Amino acid sequence: MTQGGLGVPTLVILLKGAGVSLGLACAAIACATVLAVLLTALAFSRLLPVRLFYRLYIYVIRGTPLLVLAMLIFYALPAFDLRTGPYLAAVVVLAIYVAALFAEVFRGGVLAIPRPQWESAKSLGLPPGAMLRKVIGPL
């Protein structure tokens, strides 16, 4: 070790940690994006209980500190015989939390689409699912 600086062994450990952090972040963001798209579809459902579930999910997850959510996932899941390792638990926690944030961003993006765009899709006679996939989604 050099005096006052970072030695090679320390730098190797830091680089390994950075690689693990990057892997966890990529996995969590990928899972969160898929979950957020599904949650955003729930936000625009015609069924009131489905919309209420969306609002409740967003309210609870965004209002819960990330550390509390991590403790719940890591320590509460084994009580239901669902054992996970620390890395899988970290990905699940981050995906659940980031999905709530992404879902609100996606919902805001859908609401920002101009009214004439929606009306033109309706005038084509598209059902709501096709309207979202073919006209609104590509925007």
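Tutor: Phe53 counts as partly exposed, since its relative accessibility is 46%, where buried means under 20% relative accessible area, exposed means over 50%, and partly exposed lies in between (1.4 Å probe, protein chains only). Tyr57, by contrast, has a relative accessible area of 16% and is buried. Keep in mind that this is a predicted model, in which local features need pLDDT of at least 70 and side-chain atom pairs count only at pLDDT 80 or more, whereas totals for chains, interfaces and linings use all residues. Residues are numbered from 1 along each chain as its sequence is written, and side-chain values use heavy atoms, with hydrogens and water left out.

Student: How many aromatic pairs does a search of the whole structure find?

Tutor: Rings of Phe, Tyr and Trp (its six-membered ring) pair if their centres lie within 6.5 Å, and planes under 30 degrees apart count as stacked, over 60 as edge-to-face and the rest as tilted. The search of the whole structure finds three such pairs. One of them joins Phe53 and Tyr57, a tilted pair with 6.5 Å centre to centre and 35 degrees between the planes.

Student: Why are Phe53 and Tyr57 separated by about one helical turn?

Tutor: Because they are four residues apart in helix H2 (residues 48-63), a helix being a DSSP run of H or I with at least four residues, numbered from the N terminus. The rings of Phe102 and Phe106 also form a tilted pair, with centres 6.1 Å apart and planes at 40 degrees.

Student: Where do Phe102 and Phe106 lie, and what is the relative accessible area of Phe102?

Tutor: Phe102 and Phe106 lie in helix H4, four residues apart, so about one helical turn separates them. Phe102 is partly exposed at 25% relative accessible area, and Phe106, with a relative accessibility of 29%, counts as partly exposed.

Notes:
Helix = DSSP H or I, 4+ residues; strand = E, 2+ residues; numbered from the N terminus.
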